[in-house]
Amino acid sequence: MNYRERIIISPDIMLGKPVIKGTRITVEFIVKKMSEGMEVNEIIAEYPPLTRDDIMACLAYSADVISRDEILVS
């Protein structure tokens with residue numbers, strides 16, 4: 001999955017948060033919905049512009065970001 005084709009970052013859109021291309025739906029929003037138990041099909045039903053590949057791109061992006069950051073545990 002090449003998330004770079006689906007996830008964009010622009011200071012003019014959602015204050016520069018990563019969003020799904022062509023929308024104002026943030027990666028953060030999708031990951032949060034999934035962490036709350038929402039399934040891919042439910043997200044797509046609620047937000048018709050999205051596809052399964054968009055949601056998988058959010059997960060791939062998140063995994064990539066986490067793998068590059070130093071994780072702090074308190």
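Helices (H or I, at least four residues) and strands (E, at least two) are DSSP runs, numbered from the N terminus. On that basis, the elements of the protein chain run β-β-α-α-α from the N terminus on. The radius of gyration is 12 Å, close to the 11 Å that the globule rule gives for 74 residues, so the protein chain is as compact as a globular protein of that length. That radius is taken over C-alpha atoms, and the globule rule is 2.2 Å times the number of residues to the power 0.38. In total, the protein chain has three helices and two strands.

This is a predicted model: local features need pLDDT of at least 70, side-chain atom pairs count only at pLDDT 80 or more, and totals for chains, interfaces and linings use all residues. Residues are numbered from 1 along each chain as its sequence is written, and side-chain values use heavy atoms, with hydrogens and water left out.

**Overall dimensions and surface**

The C-alpha trace of the protein chain spans about 35 × 30 × 25 Å along its principal axes. Buried residues account for 30% of the 74 residues. Buried means under 20% relative accessible area, exposed over 50%, and partly exposed in between (1.4 Å probe, protein chains only). The protein chain exposes about 5,300 Å². Carbon and sulfur atoms supply 54% of that area. Accessible areas come from the Shrake-Rupley method with a 1.4 Å probe; for residues, only the protein chains shown count as cover.

Contact means heavy atoms within 4.5 Å. Take the contacts between residues at least 6 apart in sequence: 41% of them join residues at least 24 apart.

**Charges and salt bridges**

The protein chain carries 9 positive and 12 negative side chains. Lys and Arg count as positive and Asp and Glu as negative; His and the chain ends are not counted. The centres of the two sets lie 3 Å apart. Each charge is placed at NZ of Lys, CZ of Arg, CG of Asp or CD of Glu.

Side chains of opposite charge can pair when their charged atoms come close. A salt bridge is a side-chain nitrogen of Lys or Arg within 4 Å of a carboxyl oxygen of Asp or Glu. A search of the whole structure finds six salt bridges.

Asp64 lies in helix α3 (residues 52-68) and Arg4 in the segment before β1 (7-8), so the pair ties together parts that are 60 residues apart in sequence. Arg68 and Asp64 both lie in helix α3, four residues apart, about one turn of the helix. Arg4, Asp64 and Arg68 are linked in a network of salt bridges.

Asp64 is buried, at 18% relative accessibility. Arg4 is exposed at 54%, and Arg68 is exposed at 59%.

**Val40**

Val40 is found in helix α2 (residues 40-46). Its relative accessible area is 14%, so Val40 is buried. Leaving aside neighbours within four places in sequence, Val40 is in contact with Met34, Arg52, Ile55 and Met56. Val40 and Leu50 are 10 residues apart in sequence and 9.8 Å apart in space, C-alpha to C-alpha.
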